[in-house]
Amino acid sequence: MLANFFGLNSPVTNQSIPSSTNAARLTPVWTQGVIGVKTGFSQIIADDLNQDGKTDIVTCSGDHAYALNYTSTGGYTTIWYSEQIGCHEIAVADRDGNGIWEIYVATSDARVIVFDSANFQTLGTFSLPSGVTANDIEVADVDSDGAQEIVVVRQSDTLIYDANTFNLEWQVNDAGGNQVMVGNIDNDLNLEIVVNGNTAYVLNASLKTQKWAYSGGFGSRMAIGDVDGDNRAEIVYINSLGLYVFAGDTLTIQWQRNDFSPISAIAVGDTNNDGISEIISGNNSADSILGIQGSDGATLWSIVGSGYDTSNITGGAANNDGVKEIICNTGYSSSAASFVRN
């Protein structure tokens, strides 16, 4: 299910210790419309991909990729629903700099398919070596050459492709995992590729080297972003014990919280447009979605439970008003139909 929680207001004043005391409690008004089933852990994209002034919400469901737009009547309409391509994970990037973003889909049959967000036509496809499926996909200029690369992570390796030619630029064997993200997490000028697995690996694609590894990895799920305003991205991750913020420049945990029920989804984003990213967490408790201050872990706001297990989460101006809403995938373990809530 894809759920959209509206009504996000400004967070409360910073608190000295992590606490839910005085945190704003947000209660959504519900609107429902069936859009799909069992989205799982697929990434959610919420941005104006084709520059038409409307936020496109793109994700996977039931082996299909699809996109939604907000309508003037207050609901959502499906503007694209792909063939059954085995949509497993999804990413977006503007590989040619023309303002129209491309949609990159990693499929369950070990392919990567690229779609044009303007008309959803297929721009290209390629197969991964040995027929091994990707666990995750990201697209960014990871080697600072002015061109976008496709980063594919599998259980045993990480593959970096040219986003235009699909030529393999670098294959990192024995540095695979289940999730990949890209960001500048330390003091140099290069982007790092962070591969999360039982051991986590930090890769430098400019030099084609592994910078360091982190034994045990970054939990079950991670997110990357500057959550404390120091102009460097932190690694935010969750495990069965709690939530952690890890600094890539000092290789230390800045803070952790272990006082709420297990978290199932995590994201980083500037939800209140103050220039500093917050941490957004989702779980199955009564307060299923929390906004958390990145500098010290204080709870800023909460949304009363969605009623379903949250498998992925993001923020974006879903109804085109310039104010960001919280959007989440639910129903990973449930077969109930998906719907949008506002």
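Q: How many helices and how many strands are there in the protein?
A: This is a predicted model. The protein has zero helices and 30 strands.

Q: What share of the residues is buried?
A: Of the 342 residues, 57% are buried.

Q: What fraction of the contacts with a separation of 6 or more comes from residues 24 or more positions apart?
A: Such pairs account for 46% of those contacts.

Q: OK, inside now. Which residues have the most contacts inside the largest nonpolar core?
A: That core has 18 residues, and the ones with the most contacts within it are Tyr104, Phe126, Leu128, Ile137, Ile150 and Val152.

Q: Which strands each supply at least two residues of this core?
A: Those are E8 (87–93), E9 (102–107), E10 (111–116), E12 (136–140), E13 (149–153) and E14 (157–162).

Q: Which residues belong to the second, separate core?
A: The second core has 16 residues, including Ile45, Ala67, Cys87 and Phe115.

Q: Back to Val152. What does it touch, leaving out residues up to four places away in sequence?
A: Val152 touches Val112, Leu128, Ala134, Asp136, Ile137, Asp157, Thr158 and Leu159. One of these, Ile137, is also the bridge partner of Val152, in the pairing with E13.

Q: How many bridges join E12 and E13, and in which sense do they pair?
A: They pair in the antiparallel sense, over five bridges.

Q: Is E12 mostly covered or mostly open?
A: Mostly covered: five of its five residues are buried. Asp136, Glu138 and Ala140 point one way from E12, while Ile137 and Val139 point the other way. The buried set on E12 therefore includes Asp136 and Glu138 as well as Ile137 and Val139, given that buried means under 20% relative accessible area.

Q: What about Val151, buried or exposed?
A: Val151, which is found in strand E13, is buried because its relative accessible area is 0%. Leaving aside neighbours within four places in sequence, Val151 is in contact with Asp136, Ile137, Glu138, Val142, Thr158, Leu159, Ile160, Val180 and Ile193.

Q: And what distance separates the C-alpha atoms of Val151 and Trp170?
A: They are separated by 9.6 Å, with the two residues 19 apart along the chain.

Q: Different topic. In what order do the four strands of the open sheet run?
A: The order is E20-E21-E22-E23, with antiparallel pairing. The edge strands, E20 (221–225) and E23 (252–257), each pair on one side only. On average, neighbouring strands of this sheet are turned by 20° against each other, direction ignored.

Q: How many bridges are there between E21 and E22?
A: Six: E21 (residues 234–239) and E22 (residues 242–247) pair over six bridges. Ile238 stands opposite Leu243 in E22.

Q: Why does Phe120 count as buried?
A: Because its relative accessibility is 14%, and the cut-off for buried is under 20%.

Q: And Asn320, where is it found?
A: Asn320 is found in the loop between E28 (310–316) and E29 (325–330). Its phi is near 65°, again a positive value in a residue other than glycine. Asn320 counts as partly exposed because its relative accessibility is 30%.

How values were computed
Residues are numbered from 1 along each chain as its sequence is written. This is a predicted model: local features need pLDDT of at least 70, side-chain atom pairs count only at pLDDT 80 or more; totals for chains, interfaces and linings use all residues. Side-chain values use heavy atoms; hydrogens and water are left out. A nonpolar core is a set of buried Ala, Val, Leu, Ile, Met, Phe, Trp, Tyr and Cys residues joined through side-chain atoms within 4.5 Å. Buried means under 20% relative accessible area, exposed over 50%, partly exposed in between (1.4 Å probe, protein chains only). Contact means heavy atoms within 4.5 Å. Two strands pair if DSSP finds at least two bridges between them. Axes are lines fitted to C-alpha atoms, for helices over the stretch in contact, and angles run from 0 to 180 degrees between N-to-C directions.
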